[in-house]
Amino acid sequence: MTVPRPPATGHTVLVVEDDASIRTLLTTALGAAGYTVASAVDGRAAMFQAGSRRPDLIVLDVMLPDMDGFRLTRELRAQGVYTPVLFLTARAGVEDRITGLSSGGDDYVTKPFHVQEVLLRVRAILRRAGAPTSTAPVRPPLRYAGLALDESTHEVWHAGSPLRLSPTEFRLLACFLAHPERVLEKAEILQQVWRYGFSGDTRIVDTYVKNLRRKLDHDGAPALLHTVRGVGYCLRLPREEPGAGTR
């Protein structure tokens with residue numbers, strides 16, 4: 001009896017892994033799940049594939065022969081490639097996870113891993129990053145204090161100028177814009193933006209808020225992301241609050 005192949009998802013996944021057995025395992029599993037799969041064995045090949053094929057997701061080994069995955073992700077982001085990245089690595093420490101995610105990654109799976117876990121993470125990232133379907137209602141852009149975020153086109157403007165954000169930074173800003181002037185606890189942000197994983201470690205929130213704040217702050221622009229010590233963060237215009245925690 002022939003088992004029917006799952007229908008194509010319409011998504012292309014680039015697997016970057018120098019270990020041939022792991023690369024074959026991942027490409028086979030992703031292909032069987034309905035994804036179009038490309039592969040690369042090192043950072044140089046991955047840079048070319050990411051630019052030419054424009055995949056919807058990159059599954060990226062951290063330890064590559066010519067450059068590590070963290071550096072590769074930073075270089076992709078610097079070139080304006082904001083494809084979501086799922087890291088694969090034997091480094092299981094929290095600091096390594098934070099380093100990877102703060103370099104522009106979207107999720108992290110440690111080796112050895114179960115293929116089903118990788119497939120779950122791939123689906124979750126693509127679901128978060130995916131554009132709405134044609135039947136989905138078009139929502140007006142979220143706006144606050146010179147910021148505008150359009151979830152239908154995945155575009156952001158700040159003071160009239162376009163702002164380039166990674167997929168995770170985009171979701172983080174959308175979370176703040178959905179609740180302007182409200183203090184959001186770190187655990188709440190973690191749940192809304194990442195939705196699962198990271199063992200409840202809220203330091204990744206701190207790292208991403210720092211990255212987002214750096215992109216929002218420029219000459220003459222008011223500070224919009226404020227730290228409320230011991231609680232979380234708030235998107236609001238600056239104001240004097242005697243005794244309150246500040247950024």
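Me: In which hand does α1 pass α5?

Reply: A crossing is left-handed if the near helix is turned anticlockwise from the far one by less than a right angle, and right-handed if clockwise. In this predicted model, α1 passes α5 in a right-handed crossing. The axes of α1 (residues 20-32) and α5 (residues 115-129) come within 11 Å and cross at roughly 55°. That makes α1 oblique to α5, since angles under 35 degrees count as roughly parallel, over 145 as roughly antiparallel, 65 to 115 as roughly perpendicular and the rest as oblique.

Me: Which residues make the contact?

Reply: Contact means heavy atoms within 4.5 Å. L25, L26, A29 and L30 of α1 meet V115, V118, L119 and V122 of α5. By class, this contact has 8 nonpolar, no polar and no charged residues.

Me: What volume does the second largest pocket have?

Reply: Rolling a probe the size of a water molecule over the atoms shows where empty space is left. A pocket is an open set of points on a 1 Å grid where a 1.4 Å probe fits, with protein on both sides within 12 Å along at least five of seven lines; lining residues have an atom within 4 Å of a point. Here the second largest pocket has a volume of about 170 Å³. Of its 13 lining residues, S102, S103, E169, N211 and K215 are the closest to the centre.

Me: Which element gives the most to this lining?

Reply: α8 does, with 4 residues. The lining has 3 nonpolar, 5 polar and 5 charged residues.

Terms used:
Residues are numbered from 1 along each chain as its sequence is written. This is a predicted model: local features need pLDDT of at least 70, side-chain atom pairs count only at pLDDT 80 or more; totals for chains, interfaces and linings use all residues. Side-chain values use heavy atoms; hydrogens and water are left out. Grid points are joined across faces, edges and corners, and a volume is the space filled by probe spheres set on the points. Helices (H or I, at least four residues) and strands (E, at least two) are DSSP runs, numbered from the N terminus. Ala, Val, Leu, Ile, Met, Phe, Trp, Tyr, Cys and Pro count as nonpolar, Asp, Glu, Lys and Arg as charged, and the others, Gly among them, as polar. Axes are lines fitted to C-alpha atoms, for helices over the stretch in contact, and angles run from 0 to 180 degrees between N-to-C directions.
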